[in-house]
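Here's a quick briefing to read alongside the model.

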Amino acid sequence: MTERAQRALRLGTRRSKLAMAQSGQVAEAVRQLTGRPVELVEITTYGDVSRENLAQIGGTGVFVTALREALLAGDVDFAVHSLKDLPTAQPDDLVLAAIPLREDPRDVLVARDGLRFEQLPAGARVGTGSPRRMAQLNAYARAHGMEIECVAIRGNIDTRVGYVRSGELDAVVLAAAGLNRIGRIDEVTDFLSVDTVLPAPGQGALAIECTAADTDLAAALAGLDDPHTRAAVTAERSLLAALEAGCSAPVGALADLLADGQVVHEMRLRGVVGTTDGSTLVQLSTTGPVPTSHGDAVALGRELASEMLAKGAAGLMGERAL
């Protein structure tokens, strides 16, 4: 065995509890796949230390930049990202070597007194840092005669759930996948149907990235790839890119597979964009054959985006950088 084959692979990760949990799970899978030891290298990102509103500091891409810089500098061999944090444009010198099987993509509610969303009292304060969630929660509330107040929050899962435990907020909205990965799914009081709140493009999926030059590692990591997950998130991210929306824009998207029994025959892509007060939503879906190539998946997303733009989606996404 060569010296390189024996050397521990260095996996770059953010330091948050969630990032460490999901990186640890990937590290174990890579150990089993390659027979090589994997060590976690903790990297602090600007998004982790800044207390500013996420939309103001450049959207969720701020969590990705430091990890990518470490990859390109050769400080780590590969990195794990939450796919919904990745900007839609992929750098030429980096490759998404694997997108493993997706976790539950839904959003969930953690509310006081075990309340479900429709049981929240009038004037309930609901915390989320996501314009996408605000738009859809407010739209649902309007349509069902509920009164809620969405409160912008930031912070890790402990911080967010802490607002409910302390009584400062009645509820917070989080991603099911994150709570699953850190073993806290039992704190959920309501799983929000995707018919109520469409998740962020790529939500619940992880991206394993390495340099394009490291073809051996990229080939090895590809063993963790799930083709259906990759097709689905590629379509969702293509929709986001075609809407020219940043990570902080109020865009939700979900591609799911439609099956007859055990035979998967079609993919349905749903998209939504709206004003954060929920007064206007553009929500459409399209169904087509399961994409068999990257280009097919991209085309599915672009097709739905063009229909949404024709229905007025562009005017709902706030100011765009010219």
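What follows is a short tour of the chain, some residues and a pocket.

This is a predicted model, so local features need pLDDT of at least 70 and side-chain atom pairs count only at pLDDT 80 or more, while totals for chains, interfaces and linings use all residues. Residues are numbered from 1 along each chain as its sequence is written, and side-chain values use heavy atoms, with hydrogens and water left out.

**The chain overall**

- The protein chain has ten helices and 13 strands; helices (H or I, at least four residues) and strands (E, at least two) are DSSP runs, numbered from the N terminus.
- Of its 322 residues, 52% are buried. Buried means under 20% relative accessible area, exposed means over 50%, and partly exposed is in between (1.4 Å probe, protein chains only).
- Among contacts with a separation of 6 or more, 71% are between residues 24 or more positions apart; a contact means heavy atoms within 4.5 Å.

**Cysteines**

- The disulfide count is zero, where a disulfide is a pair of cysteine sulfur atoms within 2.5 Å.
- Cys150 is buried at 18% relative accessibility, and Cys210 is buried too, at 0%.

**Two buried arginines**

- Arg270 sits in strand 12 (residues 263–274) and counts as buried because its relative accessible area is 11%.
- The Arg270 side chain makes a polar contact of 2.9 Å with the side chain of Asp195 and another of 3.1 Å with that of Asp256. A polar contact is a pair of N or O atoms within 3.5 Å; within protein, one must be able to donate a hydrogen and the other to accept it, and residues adjacent in sequence count only if both atoms are side-chain atoms.
- Beyond four places in sequence, the residues in contact with Arg270 include Val194, Leu198, Leu239, Gly252, Leu284 and Leu304.
- Arg184 is in the loop between helix 7 (176–181) and strand 9 (190–191), and is buried with a relative accessible area of 16%.
- The side chains of Arg184 and Asp158 make a polar contact at 2.4 Å. Setting aside neighbours within four places, Arg184 is in contact with Ile157, Asp158, Val161 and Leu179.

**The second largest pocket**

- This pocket has a volume of about 390 Å³, and of its 17 lining residues the closest to its centre are Thr88, Gln90, Thr234, Arg237 and His294.
- For the method: on a 1 Å grid over the protein atoms alone, a pocket is an open set of points where a 1.4 Å probe fits, with protein on both sides within 12 Å along at least five of seven lines, and lining residues have an atom within 4 Å of a point. Grid points are joined across faces, edges and corners, and a volume is the space filled by probe spheres set on the points.
- Strand 4 (94–98), helix 9 (227–242) and helix 10 (294–310) each supply at least two lining residues. Helix 9 has the largest share, with seven residues.
- The lining splits into nine nonpolar, five polar and three charged residues. Here Ala, Val, Leu, Ile, Met, Phe, Trp, Tyr, Cys and Pro count as nonpolar, Asp, Glu, Lys and Arg as charged, and the others, Gly among them, as polar.

**Helix 4**

- In helix 4 (residues 65–73), the buried residues are Ala66, Leu67, Arg68, Ala70 and Leu71. They pack against strand 1 (9–13), strand 3 (78–82), strand 4 and strand 10 (206–211).
- Gly74 follows helix 4 and has a positive phi, near 80°.

**Links across the sequence**

- Val151, in strand 7 (residues 148–151), is buried at 17% relative accessibility. Val151 and Thr128 are 23 residues apart in sequence but 6.2 Å apart in space, C-alpha to C-alpha.
- Gly278 lies in the loop between strand 12 and strand 13 (281–289) and is buried at 7% relative accessible area.
- Not counting residues up to four places away, Gly278 touches Ala135, Asn138, Ala139 and Arg142.

**A backbone angle to check**

- Most residues other than glycine have a negative phi.
- Asp113 is not a glycine, yet its phi is positive, about 55°.
- Asp113 is in the loop between strand 5 (107–111) and strand 6 (124–127) and is exposed at 64% relative accessibility.
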